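Reader: I have a model open and want to go through a few points. Can we start with the backbone and then move to the interface?

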There are 2 protein chains.
Amino acid sequence: MRRKLTLKQIAKEMDVSISTVSKALRDSPDIGLDTREKIQAFAKLYNYKPNNIALSLKNRKTKNIGVIIPEIVHHFFTTVVSGVEKVANKRGYNVIVCLSNESFDREVINMEMLASGSIDGFIMSLSKETQQKKDFHHLREAINQGMPLVMFDRVAEEIYCDKVVIDDAQGTYRAVNHLIDTGCKRIALITTTDYVSVGKLRTEGYLNALRDAGMEIDENLIVKIEDTRECDEQIEELFESQTFDAVFGVNEIYAVTAMREAQIRGFKIPEDISVIGFTDGILSKNSFPRMSTINQHGTQMGAIAADMLINKLESVDEDEYYRTEVVKSTLTERESTKKKS
Amino acid sequence: MRRKLTLKQIAKEMDVSISTVSKALRDSPDIGLDTREKIQAFAKLYNYKPNNIALSLKNRKTKNIGVIIPEIVHHFFTTVVSGVEKVANKRGYNVIVCLSNESFDREVINMEMLASGSIDGFIMSLSKETQQKKDFHHLREAINQGMPLVMFDRVAEEIYCDKVVIDDAQGTYRAVNHLIDTGCKRIALITTTDYVSVGKLRTEGYLNALRDAGMEIDENLIVKIEDTRECDEQIEELFESQTFDAVFGVNEIYAVTAMREAQIRGFKIPEDISVIGFTDGILSKNSFPRMSTINQHGTQMGAIAADMLINKLESVDEDEYYRTEVVKSTLTERESTKKKS
């Protein structure tokens, strides 16, 4: 059973041309699916090893893209998935979504499962736990296997691959500046713990904006939230213990929760307290008053990530260069901030 | 090449026992992976068809579950996915999510892609277009292949499979009754077009509640929305042309949009206009005032669906009975409705 086989022998055995065998083993659509599958099965049966394994791997197209997101209930990630879908479908690819649920183990399990033949390449955003552990071996393995990877939003500097990020620090700077420009004097920040890369960058943007305006930084006005499900209490505590005339929230849940808390206490928005959030999602659009936000352009980020990945998948050359695409966030002024006078 | 093959012939050709061939074709771990793959490849090459395809398929375990949802930006579907994840992960399964984007074609493409070896079974909710077309051939094909299917929320009566639904009509009846009990006299309904199964059932619940209370049904107070993205205009139009003291929305976007429109026009909630939505999601919890809703228990629905599917996957007998699990919705009273006196 274990005789070593050549392309020529397969061709003879199957009564087809060598070119047909070669194309079939590269899964070329020139060859009918039935013939292709038979030739592939025959080659597998006799342990036929093509000279260029990499080439054969590269040509084993599933036309599926795997997307791994930290959670599905966070509106931003769902908009990114929508953007990926739009471009991928247009270019003939299916999209498979898996969740890490902010867990390192689940991220690893999902990547291994998808990498074992279900997809051609990955688009992903890291789980909180992965960012905390700084263990990226699973990403390196996928890349070493020849599986292209595009990271978005929560990315790892240590990993060489294409990336799509938003200008987190500059976006926040822009938002805080808008609050300063419209007369706010004491601006509270509701942010995440520092190991979440985007939370850290947005905190930096806040600090820089205050410094550049010559305003005092009051640590009592900075709330760092570990678990979003418990943000209500920490925000209530902020209102209870401090006075301020503006709030910047690094995501829309924090911002909308602050807005609620202000309204419960009888503050008028924006007259008494101005509020801006990051991520222009479903909550910002539907709040009352409608919330001014930094638009994170999730759909656009997803579309760019999909184009980057598919371009890499379909490029003829082995491209060794990686790009980081920085999407420029924009300020959407609605009703929760004062107008510039 | 196309001679008809028996187990015995395969065994002879491969120089192994018939039992080894049989086990290999059922993917039994008793047989070494290499031998198993060769026997399977050989069988495929010669178009070997086992007598019991279902059995052989049933034993090819991927430990992956495929979930197909109509859209990812709708909060309810994401809570169902969370529920599926929770149970599936606990029971040792991975979850793969695909979106139909409310399109029939994408639903078919995704099902075919997943059914061809990526997963052991499906959990799905129909796209709007599939409900409109009433073409369910792709579901029948998957079931005929021996691929268990659990439908949730938007289900097809015509398909025999396990189902998880909410008591849509009764839940709505309960909500409208609550509005009547708290003194509301003219109750508007914001619903979907009738071909969306759940929208139709909720509309029925509304009509029954009014009838049972001996209240007049005014067609002018019923708004049917085709495309959620255009609900703003239709709801504005309702407020412009009609007077009423309560609104029931069949999903939380419609309800929260009605609440906004009321507030813009200076109505107090709930004093002037009471509002209840269906689906207790992120918008209901974060609106101001917080919205009273019928809780659709998406996480629980997902958990039940996952348990039903995995039980079927792991059952030894061919179970020919299908169950429909009806989850009982509950009324969550918050601040957008009056208290019973």
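Reader: Where does A:P270 lie?
Author: A:P270 is in the loop between α12 (252-264) and β9 (274-278) of chain A; helices (H or I, at least four residues) and strands (E, at least two) are DSSP runs, numbered from the N terminus. This is a predicted model, in which local features need pLDDT of at least 70, side-chain atom pairs count only at pLDDT 80 or more, and totals for chains, interfaces and linings use all residues. Residues are numbered from 1 along each chain as its sequence is written, chains are lettered from A and ligands numbered from 1 in the order in which they are written, and side-chain values use heavy atoms, with hydrogens and water left out.

Reader: What kind of peptide bond joins A:I269 and A:P270?
Author: A cis bond, with omega about 5 degrees. In chain B, B:I269 and B:P270 are also joined by a cis peptide bond, with omega about 10 degrees.

Reader: Phi next. What is it for B:D153?
Author: Near 60 degrees, a positive value in a residue other than glycine. Most residues other than glycine have a negative phi. B:D153 sits in the loop between β4 (149-152) and β5 (162-166) of chain B.

Reader: Is B:D153 buried or exposed?
Author: B:D153 is buried, at 5% relative accessible area (buried is under 20%, exposed over 50%, partly exposed in between, with a 1.4 Å probe and protein chains only).

Reader: Now the two copies. How is chain B laid on chain A?
Author: By a turn of 180 degrees and a shift of 0.7 Å along the axis, giving an RMSD of 1.7 Å. The copies are thus related as by a two-fold rotation axis. The superposition is by least squares on the C-alpha atoms of residues with pLDDT of at least 70 in both.

Reader: How many residues are in contact there?
Author: 49 residues of chain B contact 49 residues of chain A, where contact means heavy atoms within 4.5 Å. Since 100% of the interface residues of chain B are also interface residues in chain A, the copies meet through the same surface.

Reader: And what area is buried between them?
Author: About 4200 Å², with carbon and sulfur atoms giving 59%; that is the accessible area (1.4 Å probe) that two parts lose on being put together, summed over both. On the chain B side, B:L45, B:R260 and B:F288 lose the most area to chain A, together 16% of what that side buries.
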